[in-house]
Amino acid sequence: MWYPYWYGYPYTGFGMPYPPPFYPPYPPTPEDELRMLEEYRRELERELEYLREELEGVKARIEELKRMLGERK
């Protein structure tokens, strides 16, 4: 997409161009890195719990469909 040369960022078609993503100062301090990693670990643990629940639901639906198909035959 064409945008005026004076825009430093790609133009979205209306209003202001979108800003670049925020990157924390690099390298982070050990305390900041520890905090970020602990936060990331908590996010992964929540996602893992959600995926386990989703997997149980899928397994239950598979068993239900197998029973339904077994009754038809």
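Predicted model: local features only at pLDDT ≥ 70, side-chain atom pairs only at ≥ 80, totals over all residues.

Colleague: Then where does D32 fall, and what is its relative accessible area?

Modeller: D32 has a relative accessible area of 32%. That value lies between the 20% and 50% cut-offs, so D32 counts as partly exposed.

Colleague: Which residue does D32 form a salt bridge with?

Modeller: The partner of D32 is R35, and their closest N and O atoms are 3.8 Å apart. A salt bridge requires a side-chain nitrogen of Lys or Arg within 4 Å of a carboxyl oxygen of Asp or Glu, so this pair qualifies. R35 is itself partly exposed, at 44% relative accessible area.

Colleague: How many residues apart are D32 and R35, and in which element do they lie?

Modeller: They are three residues apart, about one turn of the helix, and both belong to helix α1, which covers residues 30-72.

Colleague: Let me change topic. How many helices and strands does the chain have?

Modeller: The chain has one helix and zero strands.

Colleague: And what share of the residues counts as buried?

Modeller: Of the 73 residues, 3% count as buried. The chain exposes about 7,400 Å², with carbon and sulfur atoms supplying 62% of that area.

Colleague: Back to the charged pairs. How many salt bridges does the structure hold?

Modeller: It holds three. Besides the pair already discussed, R41 forms a salt bridge with E45, with 3.8 Å between the closest N and O atoms. R41 and E45 are both in helix α1, four residues apart, which is about one turn of the helix.

Colleague: Are R41 and E45 buried, exposed or partly exposed?

Modeller: R41 is partly exposed at 45% relative accessibility, and E45 is partly exposed at 46%.

Colleague: What is the N to O distance for E64 and R61?

Modeller: The side chains of E64 and R61 meet in a salt bridge at 3.0 Å, N to O. These two residues also lie in helix α1, three residues apart, about one turn of the helix. E64 has a relative accessibility of 34% and counts as partly exposed; R61 is partly exposed as well, at 41%.

Colleague: Why can such side chains pair at all?

Modeller: Side chains of opposite charge can pair when their charged atoms come close.

Definitions and conventions. Residues numbered from 1 in each chain as written. Heavy atoms only, no water. Buried < 20%, exposed > 50% of the residue type's maximum accessible area, 1.4 Å probe, protein only. Areas by Shrake-Rupley, 256 points an atom, 1.4 Å probe, with all protein chains shown as cover.
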